[in-house]
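Here is a short tour of a strand and some charged pairs. Have the structure open as you read.

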Amino acid sequence: MTSDSSSLTDTDSTPGPPPGCPAHNLGPGGLHRLYGPDAQDLGDLYERLREQHGTVAPVLLHEDVPMWVVLGHAENQHLVRSPSLYTRDSRIWSALADGTVKPDHPLMPHIAWQPICSHAEGDEHQRLRAAVTAAMTTIDHRTLRRHIGLHTQALVNRFCERGRADLVSQFADHLPMAVMCEILGMPEEYNDRMVQAARDALKGTETAIQSHTYVMDALSRLTTRRRARPEEDFTSHLVTHPAGLSDDEVREHLRLVLFAAYEATANLLANALRMVLTEPGFRARLSGGQMTVPEAIEQSLWDEPPFSTVLGYYAKQDTELGGQRIRKGDGVLFAPAPGNLDPRIRPDLSASMQGNRSHLAFGGGPHECPGQDIGRAIADVGVDALLMRLSDVQLHCLEEELRWRSSIASRHLVALPVRFEPKPQQDVTLPPRPMAVPAQRSTWQAGTLTAEQTPAAEPRPTPPPPAAPQPCPTAPQPARRRGILRRLLHWWRGE
């Protein structure tokens, strides 16, 4: 579809390609599908769409529903910052109004309008958003960081004595849920079942409805308790805000906050840890003090945003975006993943984005994520504390063996197996203590540990080169120890 093409809702009578043709998997009108066999690698598909259509491309959602996907960085920013042109209210979507989108569409939970601030406009949006942002401001960030530290310590204690772990299922999937349950005011609800229910509900499996019900039942109980007896937590401030949210509105916003924060932060944690473990330069800059953990998290937000796309925005009038004619009622996908890779702003993807926070990971405009600092804090403290406890952690598989579970909304790392020297448990009420650092290797190698790579209690001496003897690998490193002490002090103060 070229810049002078008609709306996505128009039909195309052009016959499809013959069987065996490379384009045989294309949908109606020769459009690419963002699901099925054509979308096994959405990152690659987005780049092909960029080459073919430019910064805005026509695509098909599940059941061949037409949509636009925004691939350009500037165009994505324009989309989310133009409430006079685009709305999150799907009730004006032509495909929904004319019955193209059926009530049982697989993406309906993400598409259907709901009485929440992210779908509202005008005065109603201001009323609901004011309650959410006001409740967010009551969160004490020193207390928050201590909660993150406590739960990080407890999670690491579960596997530190074994010498191996899966940092997705045993850490990244758990830490955000544990912390969010504390923030919302229901720490007693955090357990393996809650983590599994949230993950299942977001995946859209056959049991997703039951899992969603499990989470909503917990949020309903919490709303009832806080309505009767408010305390000092996010839910209580949401219930008592002058905006006067109903119980249904409170529950829906708790669901929005919990699911969005959980999915985004779990992905962010997994992605950041993967980068530390697989990219030599990344870990070297981090270990050498050239990059802090928060800066490493920002780099991860550029390279692998927690949400690939956000469903959806809808055109309120005929307009133009990225050279494409957008008709009133057309659906548009906000797409942080391809937008962050726009070659106009990142001609060299290997270049560091240190100090640059203009990524699209948290959206923008009226619906910019109000809880992004919570996600950053969970990732910052969690990654830092884990690396302090497991300073010799290494990937326990080949990097090529890592697998992702991709969907139109996100790309979730399935597992991150690691190995390290077994460590003793630590008191969860105290800051993490670094253990003895094993001998430094001359190069970093990601992959299955060999006998020579595995740190041992008594390091095997290595003969020095004849021309220049090397210093003992266990020699004192005062500069590194001072850095660790400073990090401990900052963490304990909640800075």
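## Strand β9 and its neighbours

Strand β3 (residues 65–70) runs parallel to β9, with two bridges between them; strands are DSSP runs (E, at least two residues), helices are H or I runs of at least four, and both are numbered from the N terminus. Two strands count as paired if DSSP finds at least two bridges between them. Trp68 has Val332 in β9 as its bridge partner. On the antiparallel side of things, β6 (residues 310–315) pairs with β9 over three bridges, and Val310 sits opposite Phe334.

Both faces of β9 (residues 331–334) are covered: Gly331 and Leu333 on one side, Val332 and Phe334 on the other, all buried. Buried is under 20% relative accessible area, exposed is over 50%, and partly exposed is in between (1.4 Å probe, protein chains only).

## Salt bridges

A salt bridge here is a side-chain nitrogen of Lys or Arg within 4 Å of a carboxyl oxygen of Asp or Glu; that rule gives 25 of them. Lys316 pairs with Glu121, closest N and O atoms 3.0 Å apart. The two are 195 residues apart in the chain.

Asp373 and Arg376 also meet, at 3.6 Å, N to O. They are three residues apart in helix α16 (residues 372–389), so about one helical turn separates them. Arg376 is buried at 6%, while Asp373 is partly exposed at 44%. Salt bridges with shared partners join Glu298, Arg357, Asp373 and Arg376 into one network.

## About the model

This is a predicted model: local features need pLDDT of at least 70, side-chain atom pairs count only at pLDDT 80 or more, and totals for chains, interfaces and linings use all residues. Residues are numbered from 1 along each chain as its sequence is written, and side-chain values use heavy atoms, leaving out hydrogens and water.
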